[in-house]
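Please examine the sequence and the structure shown here.

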Amino acid sequence: MKKVTILLVIIIALFYYASDNQVNAQDGQPNYATADVFVSVATDAVTDNNNLRIAGSNGGSCSTTLVTLVKFSVSEIVDSSVIDTATVSFTVQNTGFAGTPVSLALYEAGDSWGESDLAIIVDPADANSIVGAALNSSLTFNAPPGDASTIQFPTSTQLRDYLRAQADGDDVVSIAVRMTGCPTGTSIIRLEDSEGGISVAPVLTMLNPTAIQLNNTEASDGTNTSFIWLAIALPLFVFMVVLILRRRGQIA
Ligand SMILES: [Ca+2]
Ligand SMILES: [Ca+2]
């Protein structure tokens, strides 16, 4: 059995030597918005001036009137990374609530917008809307959050999966923030924008975005999931073969 053990140790050591648990530069670091605007659902007018607004009007049900769009870069996240947690934070400028509760939620958004674009369809009821699937990350306020306070959208599987897909794709993350619940009348929340500086800018924070990556230029894009499975399967296969041969008495 000694030979089997030595063989296993050699194989595992070889694979351990060949692989490298790569930690991304953006682990736990504040990742500031690269662009941010708010858009009117009714007119598609884009505003990039002093704040980000999220608003809704309730005449029986809460309908979104102003949507905020924010972009982040995830270019420093290695392909195939697993992200443990991801949160999106904003600094409140001020609020105008006619009552409570007020709920906000994050959505996927397309990338085809900029701070000077004049026509972006943000109405989710429109098939051409830039606002996509819900990211299952929401906040409900039973009292207006204080001016200058920080609000943080919590991590979710959908948010992490979306960030991972963007990191594996075009590295540009676009997120829409909508009002999904509001009392009768008009409710608005104004947030600081990235032009206000990094002390108040929208921030994406990702914890432990890591990837197992080969120290091999041919596989340096980190797409090596099959390799990792091989590293597990091969020693098991050798172990089983040796076990069978030993039972048959073909090896000592
Ligand atoms: Ca802006
Ligand atoms: Ca994208």
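Residues are numbered from 1 along each chain as its sequence is written, and chains are lettered from A and ligands numbered from 1 in the order in which they are written. The chain has 3 helices and 14 strands, where helices (H or I, at least four residues) and strands (E, at least two) are DSSP runs numbered from the N terminus. Of the 252 residues in the chain, 31% are buried; a residue is buried if 20 or more other C-beta atoms lie within 10 Å of its own, exposed if 12 or fewer, and partly exposed in between, with C-beta atoms placed from the backbone.

**Confidence**

- The mean pLDDT of the chain is 87, and 85% of its residues reach 70 or more; pLDDT is the predictor's confidence in each residue, from 0 to 100.
- Residues 215–223 have a pLDDT below 50, and this stretch has 15 contacts in the model beyond near neighbours in sequence. Two residues are in contact if their C-beta atoms, placed from the backbone, lie within 7 Å.
- Where pLDDT is low, the predicted coordinates should not be read in detail.

**Nonpolar core**

- The largest nonpolar core has 52 residues, and V67, L106, L163 and A176 have the most contacts inside it. Such a core is a set of buried Ala, Val, Leu, Ile, Met, Phe, Trp, Tyr and Cys residues joined through C-beta atoms within 7 Å.
- Strand β8 (residues 102–109) gives the most to this core, with 6 residues.
- Among contacts in the chain between residues at least 6 apart in sequence, 81% join residues at least 24 apart.

**Strand pairing**

- In β8, 6 of the 8 residues are buried.
- β8 pairs antiparallel with β9 over 6 bridges, and S138 in β9 is the bridge partner of A105. Two strands pair if DSSP finds at least two bridges between them.
- β8 is also joined to β11 by 6 bridges, again in the antiparallel sense, with L106 opposite V177 in β11.
- β11 in turn pairs antiparallel with β6 over 6 bridges; there, A176 of β11 is the bridge partner of L69.
- β11 is mostly covered, with 7 of its 10 residues buried.

**Helix α2**

- Helix α2 (residues 157–168) has 12 residues and should span 16 Å at 1.5 Å a residue, which agrees with the 16 Å between its end C-alpha atoms. The expected span is 1.5 Å times one less than the number of residues.
- Its buried residues are L159, Y162, L163, R164, Q166 and A167.
- These buried residues pack against β7 (85–96), β8, β9 (131–141), β11 (172–181) and β13 (203–207).

**Two buried positions**

- F153 lies in strand β10 (residues 150–153) and counts as buried because it has 21 C-beta neighbours inside 10 Å.
- Not counting residues up to four places away in sequence, F153 touches T87, V88, L106, S137 and L139.
- F153 and L204 are 51 residues apart in sequence, and their C-alpha atoms are 9.7 Å apart.
- V78 lies in the loop between β6 (62–73) and β7; V78 counts as buried because it has 21 C-beta neighbours inside 10 Å.
- V78 and A167 are 89 residues apart in sequence, with 7.0 Å between their C-alpha atoms.

**Backbone features in loops**

- T100 and P101 are joined by a cis peptide bond, with omega about 0°; P101 lies in the loop between β7 and β8.
- N50, which is not a glycine, has a positive phi of about 75°. N50 lies in the loop between β4 (46–47) and β5 (51–58) and is exposed, with 12 other C-beta atoms within 10 Å.
- D171, also a residue other than glycine, has a positive phi near 70°. D171 is in the loop between α2 and β11 and counts as partly exposed, with 14 C-beta neighbours inside 10 Å.

How values were computed:
This is a predicted model: local features need pLDDT of at least 70, side-chain atom pairs count only at pLDDT 80 or more; totals for chains, interfaces and linings use all residues.
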